[in-house]
Amino acid sequence: MNTDIVIQNADPWSVSYFRNHSVPYNLNRQLLSTSTGLARATRPFAMKIRSDMRVDGLGFLELFNCFPKRNPNWQVFGERVVICDLLTQHPWRTGFAFSPSDWFTFGKTDDVRLMWAAQMDSNHEVARYFEDRPRPSPWRMPEMISRYNAEQYIWLHALRTHAPVSFNHGWDASASNKRLAELAFANNLVIADESRLGVRFCKYRPNRLARLVCYTHQDWLDLYQRYCDPAYPAGWMMSKWSRHVIRLAEIFARKACLRLPKHLRWLSGPLGRNE
């Protein structure tokens with residue numbers, strides 16, 4: 001790989017955010033490597049991408065220019081930032097709000113910097129937050145003890161530079177928080193799959209359960225139409241019956257996941273992956 005600048009950071013290390021299993025909470029590593037890289041960026045646009053991904057096309061450039069309408073509320077970035085759909089969790093399907101994928105980010109440099117401007121988790125307080133605190137109910141992953149997942153922590157910081165967000169922990173997904181999460185996604189992001197972006201995930205392949213609980217590009221188009229541009233032809237609208245069938249399939253997949261041993265559940269879906 002040809003590079004102009006190579007930055008080598010001291011490893012800030014990580015701790016496990018599962019009680020009895022070693023699942024690294026790599027938030028500090030992400031924040032340090034990304035922020036130091038973006039600090040050296042000098043051009044109008046910037047891309048944050050994992051080192052185990054490939055760029056095969058320029059679809060992300062076309063997507064950046066395709067959606068000009070904005071809602072007057074919750075314009076956090078100057079322009080939308082383009083991200084991938086994999087691991088961008090759908091709050092109405094998972095109960096996990098404010099959790100956009102952190103694998104790929106493209107946009108105006110200042111906007112990408114703002115998206116990644118969160119402070120590091122000093123003393124791993126967020127990672128081990130519920131180690132010695134009672135967890136609220138419901139708490140759907142018994143072994144998980146972090147206050148937020150890494151994606152939530154990063155995204156909430158960006159949103160809170162604009163206005164307060166009352167979101168006390170990762171499962172604090174009230175109906176109002178879910179609607180705010182939708183508006184923030186519609187107004188500040190473009191969410192698309194790897195083929196539309198022109199990127200390839202070389203290390204991980206998405207499994208079916210992950211696809212069920214994550215936003216698709218069509219889901220995001222529906223949000224864009226609902227919150228930003230009512231005249232936009234968002235595409236085929238599923239009938240109520242069709243949505244019912246898909247919902248039943250989601251419930252079945254989730255129940256199948258819950259039959260796995262506790263320490264393997266995080267492997268079957270998007271939760272907990274912040275390598």
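## Basis of the model

The structure is predicted, so local features need pLDDT of at least 70 and side-chain atom pairs count only at pLDDT 80 or more, while totals for chains, interfaces and linings use all residues. Residues are numbered from 1 along each chain as its sequence is written, and side-chain values use heavy atoms, with hydrogens and water left out.

## Overall composition

The protein has ten helices and six strands. These elements are DSSP runs numbered from the N terminus: helices are H or I with at least four residues, and strands are E with at least two. Of the 275 residues, 51% are buried, where buried means under 20% relative accessible area, exposed means over 50%, and partly exposed lies in between (1.4 Å probe, protein chains only).

The accessible surface comes to about 14,000 Å², and carbon and sulfur atoms account for 54% of that area. Such areas come from the Shrake-Rupley method with a 1.4 Å probe; for residues, only the protein chains shown count as cover. Among contacts (heavy atoms within 4.5 Å) between residues at least 6 apart in sequence, 73% join residues at least 24 apart.

## The four-stranded sheet

An open sheet of mixed pairing is formed by four strands in the order β1-β4-β3-β5; two strands pair if DSSP finds at least two bridges between them. Strands β1 and β5 (189-192) are at the edges with a single partner strand each, so one side of each lacks a neighbour in the sheet. From one strand to the next, the twist averages 15°. Helix α6 (residues 175-188) packs on the sheet, where it touches β3 and β5, and its direction makes about 90° with that of β5. For these angles, axes are lines fitted to C-alpha atoms, for helices over the stretch in contact, and values run from 0 to 180 degrees between N-to-C directions.

Strand β4 (residues 104-108) is mostly covered, with four of its five residues buried. It runs antiparallel to β1 (residues 45-49), to which five bridges join it, and Phe45 stands opposite Lys108 of β4. Strand β3 (residues 81-84) is also antiparallel to β4, through two bridges: Val82 has Phe106 as its bridge partner, and Ile83 has Thr105.

## Cysteines

The structure holds zero disulfides, a disulfide being a pair of cysteine sulfur atoms within 2.5 Å. Cys214 is in no disulfide, and the nearest cysteine sulfur, that of Cys84, is 9.1 Å away.

Cys214 is buried, at a relative accessible area of 2%. Cys202 counts as partly exposed, at 45% relative accessibility.
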